[in-house]
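Student: I have a structure to go through. Can we take its pockets and helix packing in turn?

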Amino acid sequence: MDLSKEQLVTLVEGCIGNERSAQENLYRMFYAQMLRICYRYLNAMDPSYEALNEGFLKVFQNIKSFDPQKGDLGGWICTIMIRTAIDYRRKELKFSLTEPFNDHDTDEYFIDPNILHKLYAEDLLKNIWLLPDATRVVFNLSVIDGYTHKEIGEQLKITESTSRWHLTEAKKRLRKLLQTPDENPGELNNNNKAK
């Protein structure tokens with residue numbers, strides 16, 4: 001739903017004044033989008049609902065700091081939801097600090113854009129969900145949400161090199177998952193021999 005600047009200011013001012021109708025309108029307006037964001041990081045509905053509600057509580061507590069003249073309300077709420085989901089998930093995630101990392105690995109594994117064009121978004125998301133939790137969170141933050149490795153490291157309390165390793169690992173695994181049989185002739189030959 002697109003709001004004019006005047007409607008947005010009125011909505012934000014209503015939330016600042018703890019008007020239930022304004023809070024309910026804001027919640028309804030962003031509910032589905034923010035639930036999808038929480039689910040993307042938590043991969044289960046119960047924790048996603050908890051993070052969503054905790055995130056909206058933070059939104060209402062801090063909405064006085066939002067300036068409609070300087071930013072997008074949806075983007076501001078999205079940032080709060082991502083951070084809330086990560087905080088919720090951080091307790092469960094175990095990031096390995098001993099994973100081998102080589103700076104040269106980052107260029108070695110990439111996903112061919114032609115492969116991405118062949119897939120529907122749903123298929124890509126299904127493959128992303130096959131990644132290990134920590135690797136998937138770093139991939140989401142970096143590729144989907146556009147955070148830098150420094151920002152990811154600060155949010156997840158890991159080093160930048162660990163963040164880079166997880167992103168490289170995600171790309172490597174996704175590339176294997178997305179490879180078509182004709183791109184791996186050895187695999188086809190092995191399948192033909194089995195028949």
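Student: How much space lies in the second largest pocket?

Tutor: This is a predicted model. Lining the second largest pocket are R36, Y39, R40, L125, W129 and I144. The space in this pocket comes to about 150 Å³.

Student: Which helix gives the largest share of the lining of the second largest pocket?

Tutor: By class, the lining has 4 nonpolar, no polar and 2 charged residues. Among the lining residues are R36, Y39 and R40. The largest share is 3 residues, and the helix that supplies them, residues 20–42, is α2.

Student: Is α1 parallel or oblique to α2?

Tutor: Helix α1 spans residues 5–16. Its axis lies 8 Å from that of α2, at an angle of about 120°. Angles over 145 degrees count as roughly antiparallel and 65 to 115 as roughly perpendicular, so about 120° falls in the rest. That makes α1, relative to α2, oblique.

Student: Which residues of α2 does α1 meet?

Tutor: The crossing of α1 past α2 is left-handed. The α1 side of the contact is L11, G14 and C15. On the α2 side are A22, Q23, N25, L26 and M29.

Student: How many charged residues are in the contact of α8 with α10?

Tutor: Helix α8 (residues 133–144) packs on helix α10 (residues 160–178) at about 95°, with axes 8 Å apart. That angle makes α8 roughly perpendicular to α10. The contact includes V138 and F139 of α8 and E169 and L174 of α10. By class it has 8 nonpolar and 4 polar residues, and the charged count is 1.

Terms used
Residues are numbered from 1 along each chain as its sequence is written. This is a predicted model: local features need pLDDT of at least 70, side-chain atom pairs count only at pLDDT 80 or more; totals for chains, interfaces and linings use all residues. Side-chain values use heavy atoms; hydrogens and water are left out. On a 1 Å grid over the protein atoms alone, a cavity is a set of points where a 1.4 Å probe fits but cannot get out, and a pocket is an open set with protein on both sides within 12 Å along at least five of seven lines; lining residues have an atom within 4 Å of a point. Grid points are joined across faces, edges and corners, and a volume is the space filled by probe spheres set on the points. Helices (H or I, at least four residues) and strands (E, at least two) are DSSP runs, numbered from the N terminus. Ala, Val, Leu, Ile, Met, Phe, Trp, Tyr, Cys and Pro count as nonpolar, Asp, Glu, Lys and Arg as charged, and the others, Gly among them, as polar. Axes are lines fitted to C-alpha atoms, for helices over the stretch in contact, and angles run from 0 to 180 degrees between N-to-C directions. Angles under 35 degrees count as roughly parallel, over 145 as roughly antiparallel, 65 to 115 as roughly perpendicular and the rest as oblique. A crossing is left-handed if the near helix is turned anticlockwise from the far one by less than a right angle, and right-handed if clockwise. Contact means heavy atoms within 4.5 Å.
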